[in-house]
Amino acid sequence: MRDRLGGRECLHVPSCRFGLYLALRHWCRPGGRVLMSPVNDDVIFFVVLAAGLRPVQAPLDPRDGSIDTAAVPDSVWRGLSAVLTTNLYGNPDPAPELRARCDTLGIPLLEDAAHAIGSEVGGRPVGTWGEASVFSLSKHTGAKTGGFLALADPTLRAELTAARDELLHPSRTTAELAYLVRPYAEAAVRGLRLVKAAHATLRLLGRQEREEIRMPLRAGELKQALAAAPGLAPFHSWVRVDMHDYRLGPGPGRLRRTGRLLDRLDTTLAAHRAGTERLLACEWGAGTDPGTVQPLFRVPLLVEDRDAAIAALARRRIVTGYLYDPPLDTYAGEVFTDPSPAPEPAAWFARHALPVDPRRAGEVIEVLRTAGVRPVRPPAGPHAPDDARPWRGDRG
């Protein structure tokens, strides 16, 4: 990862969310305000709250869900303590513009690159613009554990290593065994077509915590947790969702498997890039210069009826995940976050984006065409770029 990020020092962490918490605690004083995307995993929202910070929801570009810097009022910029990018599905946020803004304001830029290993912006890898960036090894690599915190200042490694180690839970043999057998169990469930039964069993055991796209907010409990912030313990029941081992120290088996998967990353990125190019060129994507295609983790196709499209894909056993609807300001309300000054583009994107795995591009296109899924085009807005310009060509 140091080589991929131009020599930046990288610290291994048990999860991206854990690494982000470390970064927020180091660079932001409690009580500060952090600009972030409202179309984002709710876990990240709770990580920001756990760090003792106030999320401020940014306006978005409805074409790809990236932060629309031109639509952020000066009054919002002046009140910020930091900016947190999302790089949603691997589509880069406008890091050069955000870097310039942060430099002017004297605040840190932190990059959430969980979806964006291999993506570039401004001629540099995503993750090389901020004071720190966090990467996930659960996404492109498929390790389902681990991540990296990358640092612009290598002299901070010792301090952040100590902070990491203080927060880690010790590795457990039972957790290691469960991690090592999980891929085989999942393969057996898929092969026997027992996915629905498996999900029902997890719900009965209390291990499946989402009935909807967003987890339950539990506003009363959240107010109590905020009174105890900063700290992970008061927010554990929210931050652990979908990954109960998010702060567990890795054992040797976990590290060996992660290393093997990371060794294959270039091959994986090539497959993602090829599928991305094909999907962006179809009727639910948008034309783009082939020289600027990113190896997206998921390609957000824009469809008129997302639920119908999800159902059509499910009939072919193609699972649609990584949906972030409604936006966080609608989900959490003004008690827990500052709403976006221009919420409509984010709401439109969250409602119409259909994130699909680019490695299954051919199957996805076939299913959507057979089902008659209609494409939809983003609304024009005062800050929208020229419609004639390629969708991703301006930031690749």
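**Tyrosine 246**

I began by listing what tyrosine 246 touches in this predicted model, and, not counting residues up to four places away in sequence, I found Pro14, Ser15, Arg17, Phe18, Leu232, His236, Val239 and Arg240. I then looked up where tyrosine 246 sits, which is in the loop between helix H9 (236–239) and helix H10 (252–263). For histidine 236 I looked at the side chains, and I noted a polar contact of 3.0 Å joining the one of histidine 236 to that of tyrosine 246. I also noted that tyrosine 246 counts as buried, because its relative accessibility is 1% and the cut-off for buried is under 20%.

**Helix H4**

Next I went through helix H4, residues 95–105, and recorded Ala95, Leu98, Arg99 and Cys102 as buried. These four lie on the same side of H4, because they cover an arc of only 105 degrees around the axis.

**Arginine 298**

Last, I looked up arginine 298, which lies in the loop between helix H11 (265–280) and strand S10 (299–302). Arginine 298 counts as buried at 13% relative accessibility, and, leaving aside neighbours within four places in sequence, I found it in contact with Tyr89, Tyr322, Pro355, Val356, Asp357 and Pro358.

How values were computed. Residues are numbered from 1 along each chain as its sequence is written. This is a predicted model: local features need pLDDT of at least 70, side-chain atom pairs count only at pLDDT 80 or more; totals for chains, interfaces and linings use all residues. Side-chain values use heavy atoms; hydrogens and water are left out. Buried means under 20% relative accessible area, exposed over 50%, partly exposed in between (1.4 Å probe, protein chains only). Helices (H or I, at least four residues) and strands (E, at least two) are DSSP runs, numbered from the N terminus. The arc is that of the directions from the helix axis to the C-beta atoms. Contact means heavy atoms within 4.5 Å. A polar contact is a pair of N or O atoms within 3.5 Å; within protein, one must be able to donate a hydrogen and the other to accept it, and residues adjacent in sequence count only if both atoms are side-chain atoms.
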